[in-house]
Amino acid sequence: MKIYPAPMEGVTGYVFRQVYREMFGGVDGYFTPFLTPAEKRVLRGKERREIDPEFNPVDMTVPQILTDDPDKFLKMCLLLTDLGYTEVNLNAGCPSQTVTGKNRGSGMLKDPAALDRFFDRLFTEKEHYPEEPVRSLRISVKTRLGMEDPEEFRGILPIYNRYPLCEVIIHPRVKKEFYNGTPHMDAFEEAFYNSLHPVCYNGDIWTLEDYERLTERFPTLDRIMIGRGLVADPSLVRRIRGGDPMTIPEYREFSDRLLDGYIESMQNETNAMMRMKEAWLYMGRQFDVTERELKKIYKAKNKAEYLIAREGVLAAGLK
Ligand SMILES: Cc1cc2nc3c(=O)[nH]c(=O)nc-3n(C[C@H](O)[C@H](O)[C@H](O)COP(=O)(O)O)c2cc1C
């Protein structure tokens, strides 16, 4: 089984991926959170570090691009191939209003004819691109089922099938659901068996049992992507591969290394703390604590307060 950590803006940036890789690894590739090509410079400073080969294993990292403009997409591809990347991913899943309002992310699924035109232009231009590395770049897509209704995917999948994508990662929810409710497994099943491309499943794998239920239902599924579940329990892939569950000392080391990484990268303790709070939003679920005790982490104003609150959570023990 190929397993990828999911891209999560504000959570699984390069610092997280680096610490995760050093302490756990065991995955088959990493995706960056979405990068949006800007009007003038292709990438802003912060985004550059997401793909800087100094902080990322280029051969294992897939940069994700968020745009509905094929020309901007290709411009970004040129920059990425110059850095050595050989695969990129199109974000067709982000449900945020600010993104879908510009017809990006899951907003690309509003109008299948426009999606078709996007790919037609993208792949036509790519085929004739002057730089060879762009011509041979692999492109995958990470998609939801639609905007309002899972059945919309019946009009979307034939479009994906028409273009030479290397992988279709499906998070079987629609835009209006954000991250609520449960994934539409019947719609996923239909997509899985009708896709001409390799399909990767993504959504609500929190535990080993979730993983086992999924693979029982889809014995031929050979790739999955895990987001929130892997932040909550960074040992989840190790457990899936037959290893031990996460220990308290590992949570302490993991969160220490994350914090140090964020402080070094942001040069600002307050901002680094914000990032830690995002991570604890998920990791906190694993501990036998009340919401009040967890909130002490979210409310910590500096590193000293944070460390005291964190020890309180660790002392409560795992559920
Ligand atoms: C805080 C947050 C940020 C996310 N950022 C991205 C992103 O940048 N690109 C993307 O494709 N998906 C993003 N997602 C969606 C996840 O990659 C994933 O599809 C979703 O969380 C469902 O998988 P899970 O149930 O395993 O978490 C984000 C999700 C969350 C909760």
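**Close-up views of the predicted model**

**View 1. Helix H7 against the sheet.** Helix H7 (residues 153-162) lies across strand S4 (87-92), S5 and strand S6 (167-170), and runs at about 175° to S5. Helices (H or I, at least four residues) and strands (E, at least two) are DSSP runs, numbered from the N terminus, and axes are lines fitted to C-alpha atoms, for helices over the stretch in contact, with angles running from 0 to 180 degrees between N-to-C directions. Contact means heavy atoms within 4.5 Å. The model is predicted, so that local features need pLDDT of at least 70 and side-chain atom pairs count only at pLDDT 80 or more, whereas totals for chains, interfaces and linings use all residues. Residues are numbered from 1 along each chain as its sequence is written, and side-chain values use heavy atoms, with hydrogens and water left out.

View 2. The open sheet has 8 strands in the order S1-S8-S7-S6-S5-S4-S3-S2, with parallel pairing, where two strands pair if DSSP finds at least two bridges between them. Strand S1 (2-5) and S2 are the edge strands, each pairing on one side only, and neighbouring strands of this sheet are turned by 25° against each other on average, direction ignored. S2 and strand S3 (residues 61-65) run parallel and are joined by 4 bridges; phenylalanine 34 has glutamine 64, in S3, as its bridge partner.

**View 3. The largest cavity.** A search of the whole structure finds 1 cavity of 30 Å³ or more, and the volume of the largest cavity is about 60 Å³. On a 1 Å grid over the protein atoms alone, a cavity is a set of points where a 1.4 Å probe fits but cannot get out, a pocket is an open set with protein on both sides within 12 Å along at least five of seven lines, and lining residues have an atom within 4 Å of a point. Grid points are joined across faces, edges and corners, and a volume is the space filled by probe spheres set on the points. Pro5, Ala6, Thr12, Phe16, Arg17, Tyr20, Tyr30 and Phe31 line the largest cavity, with helix H1 (14-23) and strand S2 (30-35) being the elements that give two or more residues. H1 gives the most, with 3 residues.

**View 4. The largest pocket.** The largest pocket has a volume of about 660 Å³, and of the 32 residues that line this pocket, Pro7, Met8, Glu9, Lys142 and Tyr179 are the closest to its centre. At least two residues of the lining come from each of S2, strand S5 (138-143), strand S8 (223-226), helix H10 (228-232) and helix H13 (269-283).

View 5. The lining draws at least three residues from each of domain 1 (2-240) and domain 2 (248-316), the domain bounds coming from an automatic or database domain assignment. The C-alpha centres of domain 1 and domain 2 lie 28 Å apart, and the contact takes 20 residues from domain 1 and 16 residues from domain 2.
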